[in-house]
Amino acid sequence: MRYIDTKTLKPHQLLVFTDFAASLNLVAGETANCATARHAVCDNFVALHSRRDVVVNVKNKTFVHSVCECDIWHFFGDSMSKGKKNDHVIHAACLDDVVRTYQETSNVAITEVIVWTDNCGGQYKCNQNFYKIATAADRLQGVEVKHRFAQKYCFKGVWDGAGMVVKHKIRSDEIACTGRYPDAITCYKELKVNIAEPKNKKDWDKWEQEKDPKILDKTDFVTSKRYFGFATEDKVEFKRLEKEGYSHIVFTDRVNIPTMDVIKGTQMLHSIAGDPSSKEVSTDGQHDSYSLIVGQMPCACQVCRGEITDQKCPYEHIRKERRIRVSEKVPRQQKEGGNVRQPPNPANEAMYDELGIKLRVDKVTVKELQAQLRERNLPFSGSKSTLAARLTLFFKRFDEHPGERPLATDYIRIDEEEDDSNKGDDLEDAVSNEE
Ligand SMILES: [Zn+2]
């Protein structure tokens, strides 16, 4: 499959293989006492593009040799502890930057991106990433992203080697004391200069132009160019680095991570593709929906590659391909109020005001209510509105039947009526208690 994708690459396609390298352990060659080593995340992308034919004459025989460009991308990100943060957020942000770069530089418009990864759940096989695939067209000028997951245990290739180059350079510099890489930003700034040119780079471009037979040695995974990027979740740092003219600085927004509902049987899926023409705009502008085409196997038959149009894919029954509608899911926290403050309930506010007059205080607080309830030997736990309702009930009974106390059943009723919508009040109180 990957081989077919590589060989049938078309000018409008970008083929990306990606994986995170193991976290970089940034230990100094010579460590001072108390020095703690930091870690950096390194996300590597191998991008193949611009496939074309070169015609060469060797001893009066004509050879048509197909070549493409193969670029290697390294994105660094800070991570204080090992293994943290190499996740879908970094992957999605970096991929966008890679695609955007080719859209800006390529002669042919890039309209299709094929991404190959392993099955890692936290990085690629998760709803957050699926949602990014569905909405890729919005961010990247209508591009179609096809994400393909390698079958287990056989996802090794050049992309693993790509990470080694970086690791090796850092290690050898540290040991020889010729360079120090304390954090991810230094890795980015230094390596971008030090190993930008691929080692032993040959004059492929020149040979191609001159139709030199040496071009026949150029294989698909010969590195053409190396790119370096830096991923940060700090918006201020991001803005500053961009202003300073650094390229491929990526902002990883960890506050707003859109997600969607879980797809049934996610683990079985090995192919996820977006459909740029599927977007349906909702009337409120907040629930736009998109189509995702999911399947248990990716397919590269001639039909699926678009080379035959009057037939159906012969493997459909194996792939179990289906089209699903997805839209952004409002995070639980926001939906239920969570830490978002709710507008005060007018009925409660009126009740507090009334109690305030009765108790002769300017503002009714939870503390005040608890003290009043305790004084009257009444239960004093619950949210502010519950406490207030209890006290109100007490006063009401007392006014109607002087000397009589409310019945226990009346209090139970109040407690049952207590619901989550009152929780916003507690927050307000937490603030007033501090005063
Ligand atoms: Zn097919």
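The following questions and answers concern a predicted model of one chain.

Visitor: How many helices and strands does the chain have?
Guide: The structure shown is a predicted model. Its secondary structure comprises both kinds of element, and the totals are 15 helices and 11 strands.

Visitor: Leaving aside neighbours within four places in sequence, which residues are in contact with phenylalanine 76?
Guide: Phe76 is one of the residues that touch the most other members of the largest nonpolar core. A contact requires C-beta atoms within 7 Å. With neighbours within four places in sequence set aside, the partners of phenylalanine 76 are Ala40, Val41, Cys42, Ala184, Cys187, Tyr188, Phe230 and Ala231.

Visitor: What distance should helix 13 span, at 1.5 Å a residue?
Guide: Helix 13 covers residues 384-400, and its buried residues include Lys384, Leu387, Ala388 and Leu391. The expected span is 1.5 Å times one less than the number of residues. Because helix 13 has 17 residues, this rule gives a value that agrees with the separation of its end C-alpha atoms, namely 24 Å.

Visitor: Which residue just after helix 11 takes a positive phi?
Guide: Helix 11 has 14 residues, 346-359, and reaches 20 Å from its first C-alpha to its last, close to the expected 20 Å. Just after this helix, a positive phi of about 60° is taken by arginine 360.

Terms used
Residues are numbered from 1 along each chain as its sequence is written. This is a predicted model: local features need pLDDT of at least 70, side-chain atom pairs count only at pLDDT 80 or more; totals for chains, interfaces and linings use all residues. Helices (H or I, at least four residues) and strands (E, at least two) are DSSP runs, numbered from the N terminus. A nonpolar core is a set of buried Ala, Val, Leu, Ile, Met, Phe, Trp, Tyr and Cys residues joined through C-beta atoms within 7 Å. A residue is buried if 20 or more other C-beta atoms lie within 10 Å of its own, exposed if 12 or fewer, and partly exposed in between; C-beta atoms are placed from the backbone. Two residues are in contact if their C-beta atoms, placed from the backbone, lie within 7 Å.
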